[in-house]
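Here's a quick briefing on a few side-chain details worth a look.

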Amino acid sequence: MNKTELSIEIYNRLRQEYPASTCTLDYDEAWKLLVSVRLAAQCTDERVNRIVPQLFEKYPTVAALAAAPVEDIEAIVRPCGLGKSKAKDISLCMKMLHDVYHDEVPSTMEDLLKLPGVGRKSANLVIGDVYGRPAIVTDTHCIRLTNRIGLVDGITDPVKVEKALWQIIPPELGNQFCHYMVDHGREVCTARTTPHCDRCVLADICASSNKA
């Protein structure tokens, strides 16, 4: 198989393994996803999902959060770690959303990257999950697994991995492919323990497993 064929085979197998795979951050509006994904840096999605209801209850709109004192935001989000910098980014991001984009989350990579605290990973998540357009989210699971499997070769920089995957994965599969990577990375191809190759549905096509 070439790498595109391999990516499609991986997609199809993981679709069977994780039929309910989706973004693990809870949100019902695009701006809330932006907040949550910023908080998720060096923090688990599970913890973020426990913290953000308090924030959104107190500040239920973009305008309300934009007007909130940074110190008040920090007091709520501190359990997610890096509270000061995350609170500052959230405040600045909401102010820009309110003042420049009239409370609407932009739908293009160019405009999303103008928002404070929003990088390519966050922007791709919004583009794919909110707007349903081709996107590739290169989080730590995606980077680790695509290297182990052999879709990319020794590349750890997120932007370079994203660029490489765009050349391999059919665009219409990219967003969901990355959700599968997250689920498989948490359940089987783990980072902090030895990967569970004995129960991996990709074992026979994985470069790392074949080397073992």
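Predicted model: local features only at pLDDT ≥ 70, side-chain atom pairs only at ≥ 80, totals over all residues.

Residues are numbered from 1 along each chain as its sequence is written, and side-chain values use heavy atoms, with hydrogens and water left out.

**Aromatic pairs**
- Rings of Phe, Tyr and Trp (its six-membered ring) pair if their centres lie within 6.5 Å, with planes under 30 degrees apart called stacked, over 60 edge-to-face and the rest tilted; the count comes to 2 aromatic pairs.
- Y11 and Y180 sit 5.3 Å apart by ring centres with planes at 65°, so they're edge-to-face.
- That pair links distant parts of the chain, 169 residues apart: Y11 is in helix α1 (residues 3–17) and Y180 in helix α11. Helices here are DSSP runs (H or I, at least four residues), numbered from the N terminus.
- Y11 and Y180 are both buried, meaning under 20% relative accessible area with a 1.4 Å probe, protein chains only.
- W31 and F56 are also edge-to-face, at 5.2 Å centre to centre and 75° between the planes.
- W31 is buried at 5% relative accessible area, and F56 is buried at 11%.

**T190**
- T190 lies in the loop between α11 (171–187) and α12 (207–211), and is buried at 11% relative accessibility.
- Its side chain makes a 2.6 Å polar contact with that of T193 (N or O atoms within 3.5 Å, one able to donate a hydrogen and the other to accept it; residues adjacent in sequence count only if both atoms are side-chain atoms).
- Beyond neighbours within four places in sequence, T190 is in contact (heavy atoms within 4.5 Å) with R144, R148, G185, P195 and H196.

Notes. Helix = DSSP H or I, 4+ residues; strand = E, 2+ residues; numbered from the N terminus. Buried < 20%, exposed > 50% of the residue type's maximum accessible area, 1.4 Å probe, protein only.
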